[in-house]
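Hi,

Here is the structure I promised to pass on to you.

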Amino acid sequence: MTALSSKTDFKVADLSLADFGRKEIRLAEHEMPGLMSIREEFAASQPLKGARIMGSLHMTIQTAVLIETLTALGAEVRWVSCNIFSTQDHAAAAVAVGPNGTPEDPQGIPVFAWKGETLEEYWWCTDQALAWPGADGPNMILDDGGDATLLVHKGTEFEAAGVVPDPTPEDSEEYGVILGLLKRTLGEDPQRWTKVGQSIKGVTEETTTGVHRLYEMTEAGTLLFPAINVNDSVTKSKFDNLYGCRHSLVDGINRATDVMIGGKVAVICGFGDVGKGCAESLRGQGARVIVTEIDPICALQAAMQGYQVATLEDVIEEGDIFITTTGNKDIITAAHMGRMKHQAIVGNIGHFDNEIDIAGLTKTPGIERINIKPQVDEWKFPDGHTIIMLSEGRLLNLGNATGHPSFVMSNSFTNQTIAQIELFTKNDEYERKVYVLPKHLDEKVARLHLDALGVKLTKLSPEQAAYIGVPVEGPYKPDHYRY
Amino acid sequence: MAKTKPASDVADLGLAEAGDARIAWADAQMPVLRSIRERFVGERPFEGLRVGMCLHVTTETANLARTLIAGGAEVALCAANPLDTQDDVAAALVECHGAAVHAIHGEDMATYYRHIEAVLDTRPQLTMDDGADLVSTIHGRRTELLAGGEIIGGTEETTSGVVRLRALEAAGQLGFPIVAVNDARTKRLFDNRYGTGQSALDGILRATNMLFAGRVIVVFGYGWCGQGIALRAKGAGAQVVVCEVDPVRALEAKLEGYEVLPGVAAAAKGDVLITATGNRDVVRREHYEAMRDGAVLCNAGHFDVECDLAALRELAVERRQVRPHVEQHVLADGRRINLLAEGRVVNLAAAEGNPAAVMDMSFANQALAAEHLVKTAGTLAPQVHGVPPELDEEVARLTLAALDVEIDALTDAQRAYLTTWDQGT
């Protein structure tokens with residue numbers, strides 16, 4: 001672990017990378033027209049003045065542009081990555097140094113993130129970003145996957161119970177780390193998380209997995225503050241998930257392995273928006289794509305697009321590349337990997353690392369792990385065949401490549417920024433529930449990206465608008481429209 | 001235009017008006033052939049020449065015949081397949097364009113061969129074949145036509161015919177030069193791939209009205225036709241499986257992303273099986289025994305030999321015509337195999353053949369190849385020749401012009417760079 005230990009309030013791998021990060025941020029700003037327009041639109045009104053935003057979201061170049069948009073709108077920000085592998089160290093350094101600072105005199109925002117954190121380090125970072133100098137904590141969370149929200153909720157729950165339980169053998173290694181952290185904070189300040197939870201006005205959540213957790217907490221009545229589900233904005237899930245993964249999956253596989261994709265059999269587990277993008281990109285490279293699904297509608301969609309739809313069991317010996325996109329757990333088991341072809345490539349592009357059973361793989365008797373390079377491991381089974389695991393089963397587009405391209409992230413992050421403004425400035429209008437952004441804001445996000453692509457929009461005439469019963473200026477579709 | 005109408009045998013001359021309207025429709029989509037025809041009207045390269053044509057009697061062929069007639073030729077035409085004749089076109093060629101036509105849709109084999117003989121009875125000086133039926137009949141039963149030395153040469157339209165003619169040449173028996181129009185780049189890269197790719201699927205759709213999306217479509221043969229069929233089937237949402245004997249072709253298919261399987265394994269999973277090989281018995285007893293209930297079987301190759309129909313009939317306990325062009329074979333275990341168009345070339349038998357726009361390129365090659373044979377009469381060896389590259393490029397140029405496509409030209413410096421050995425670094 002090469003992270004600097006700094007006296008200042010941040011922790012990144014190497015501040016000297018800041019100049020490189022700043023150059024890439026400058027390039028990314030041009031590719032993120034939505035965020036840059038929002039900066040202009042709200043430069044004078046400063047709607048986030050007074051907001052203390054704790055962000056837990058992949059610390060990439062694109063995220064740096066988001067962070068600096070939030071600060072440009074008046075917010076104070078503390079940041080961590082939401083995955084141990086997804087930080088781009090030059091991006092983290094540039095954010096810590098800030099546009100006006102130098103590595104010797106950093107003037108950016110407190111960021112706690114580096115590529116290749118241990119689980120203990122990861123949760124330490126989250127804890128640091130949630131600790132606000134001069135306040136109980138943040139008053140807003142910007143979450144991706146829900147880890148920051150989870151820590152606040154679990155902390156509050158155990159503080160109410162007065163005790164943090166010991167991990168059980170069924171618990172994941174990571175949950176054990178969380179329990180350890182909470183046990184420590186309970187000793188230090190038995191009201192720490194309760195106070196943090198009370199100071200938070202709301203959370204905006206980036207991804208499917210985190211949204212799923214939020215809806216569960218709403219059902220259970222345990223959600224402590226209102227939430228905006230950014231994931232289900234059309235300009236997020238139908239763009240980031242679909243087009244972003246279409247771009248970055250193949251990028252990740254290529255950087256990790258440089259294998260010829262044409263002619264291979266690729267198995268995509270899950271045919272949601274992410275799976276659809278993955279299947280299209282691999283087919284575009286000349287792979288024959290097989291899809292596995294549990295949902296009959298998605299399965300039928302895959303079949304009608306000409307993909308073979310099979311069960312993983314039936315095609316496990318046939319695939320050269322396996323990608324999980326489900327948002328569910330235990331999709332590819334150690335037993336599956338034991339039956340795969342020699343040097344089959346296994347990777348996950350779903351948010352969490354539980355889609356592939358890495359723990360089971362590790363426990364396989366006689367298995368040997370051969371590290372090829374960072375985020376690429378060959379696992380050798382006792383019978384001599386090997387599989388190639390990308391990013392230890394964590395999302396490979398970020399682990400092995402650089403995640404989604406700026407343009408697509410501009411759509412997602414413009415939604416995030418609008419959602420932060422919405423929750424912070426109109427907090428009274430929101431209850432402890434999960435909301436999606438109204439349609440007109442979704443359309444606004446799309447509109448902000450059209451000019452950059454040279455798109456010329458056709459305008460409805462008032463007669464045409466009346467004929468289909470929509471305002472001339474939108475919104476154009478009912479909320480239930482599926483795009 | 002012709003003074004007296006030559007002897008013909010068509011289904012119904014009363015269909016001529018309807019046929020001529022359709023010929024005009026196709027002509028509008030054949031700008032290249034039209035420009036050649038306009039030139040021929042002035043130059044009359046075929047003045048008084050007898051041309052025997054054995055081609056599918058379609059609107060596009062009619063426009064080729066018109067082009068030759070405009071150049072001064074006397075044309076006699078028969079069909080290259082008993083099921084492909086469009087009777088209205090045959091009538092229009094006789095009534096409106098002065099061709100002798102011997103072709104009736106659905107004629108039996110005896111009539112089919114009688115019609116070939118009738119064309120040969122006109123003692124053609126140029127032959128134009130699609131499948132080499134004229135040339136092989138001349139070299140078989142009608143060798144007296146060779147003896148006179150009147151035949152200048154012939155052209156051949158399709159892969160299957162070229163294969164037969166090369167065999168004839170290899171046996172040392174070919175009596176006059178042949179230009180293999182099929183081998184022109186502007187023919188096989190377009191007609192075979194994009195023409196057949198579209199029209200073979202069109203034939204299946206018209207015969208069955210089935211949905212391709214989600215189905216497994218097996219393509220036997222990954223030559224130009226097979227590539228086109230696979231490409232368009234994939235575009236329609238089908239899952240495409242390719243069967244090949246040539247390892248290079250098979251590898252191409254594999255790296256294009258298709259599943260490549262041996263024929264019997266493919267037959268076991270196909271909803272639709274299409275042959276496009278130019279070979280015989282590609283689908284045979286062992287395949288029928290593996291096929292799924294309800295499988296659709298058809299052929300996009302030139303001849304009806306690609307599926308072993310005798311074996312299919314032997315296996316069938318019952319045969320019934322369930323729709324036009326769909327004959328259902330019920331096997332002993334109840335499985336049903338739906339054979340389209342009696343195993344004949346499905347795009348012509350169940351649809352309208354290749355679209356006019358793509359036939360325009362093929363037939364422009366035919367017209368220019370015929371002109372080339374006449375201009376070089378007596379100088380070409382009795383072998384199978386390619387289309388001269390300048391003709392090939394001329395067809396592409398004319399087609400681009402018709403599509404309003406402009407392209408770049410090499411600079412002098414670039415041309416020099418490509419033709420010298422000492423530049424390069």
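How many salt bridges does the structure hold over all chains? The count comes to 57. Please keep in mind that this is a predicted model, so nothing below comes from an experiment.

One of those salt bridges joins the side chains of B:Arg22 and B:Glu352, with 3.8 Å from N to O. I like this one because B:Arg22 sits in helix H1 (residues 16–28) of chain B while B:Glu352 is in the loop between helix H15 (346–349) and helix H16 (356–375), so the pair ties together parts that are 330 residues apart in sequence.

On to confidence. Chain A has a mean pLDDT of 95, with 99% of its residues at 70 or more. For chain B the mean pLDDT is 95, and 98% of its residues reach 70 or more. The stretch to treat separately is residues 1–7 of chain A, where pLDDT stays under 50; the model has 12 contacts for these residues beyond four places in sequence. For the complex, the predictor gives an ipTM of 0.72 and a pTM of 0.80.

Now the interface. Chain A brings 15 residues to the contact and chain B brings 14 residues. Between them the two chains bury about 1000 Å², and 54% of that is on carbon and sulfur atoms. Which three residues supply more than any other three of the area that chain A buries against chain B? They are A:Gly263, A:Arg288 and A:Met304, with 44% of that area.

A:Arg288 turns up again in a salt bridge, where its side chain meets that of B:Glu259 at 3.4 Å, N to O. Across the interface of chain A and chain B, the rule finds one salt bridge. There are also six residue pairs in polar contact between the chains, counting pairs with both residues at pLDDT 80 or more. By class, the side of chain A that touches chain B has six nonpolar, six polar and three charged residues.

As for rings, the structure holds 10 aromatic pairs over all chains. Among them is the edge-to-face pair of A:Phe112 and A:Trp124, at 6.0 Å centre to centre and 80° between the planes. A:Phe112 belongs to strand S3 (residues 111–112) of chain A and A:Trp124 to helix H5 (residues 119–130), 12 residues apart.

Finally, two backbone details. Most residues other than glycine have a negative phi, and most peptide bonds are trans. A:Asp330 has a positive phi, near 55°, and is placed in the loop between strand S10 (321–324) and helix H14 (334–339) of chain A. The peptide bond from A:Gly474 to A:Pro475 is cis, with omega near 0°, and A:Pro475 is found in the segment after helix H19 (462–468) of chain A.

Best wishes

Terms used:
Residues numbered from 1 in each chain as written. Chains lettered and ligands numbered in written order. Heavy atoms only, no water. Contact = heavy atoms within 4.5 Å. Buried area = accessible area lost by both parts, 1.4 Å probe. Salt bridge = Lys/Arg side-chain N within 4 Å of Asp/Glu carboxyl O. Polar contact = N/O pair within 3.5 Å; in protein donor to acceptor, adjacent residues only side chain to side chain. Nonpolar A, V, L, I, M, F, W, Y, C, P; charged D, E, K, R; others polar. pLDDT = per-residue confidence, 0-100. Phe/Tyr/Trp six-rings, centres within 6.5 Å; stacked < 30°, edge-to-face > 60°. Helix = DSSP H or I, 4+ residues; strand = E, 2+ residues; numbered from the N terminus.
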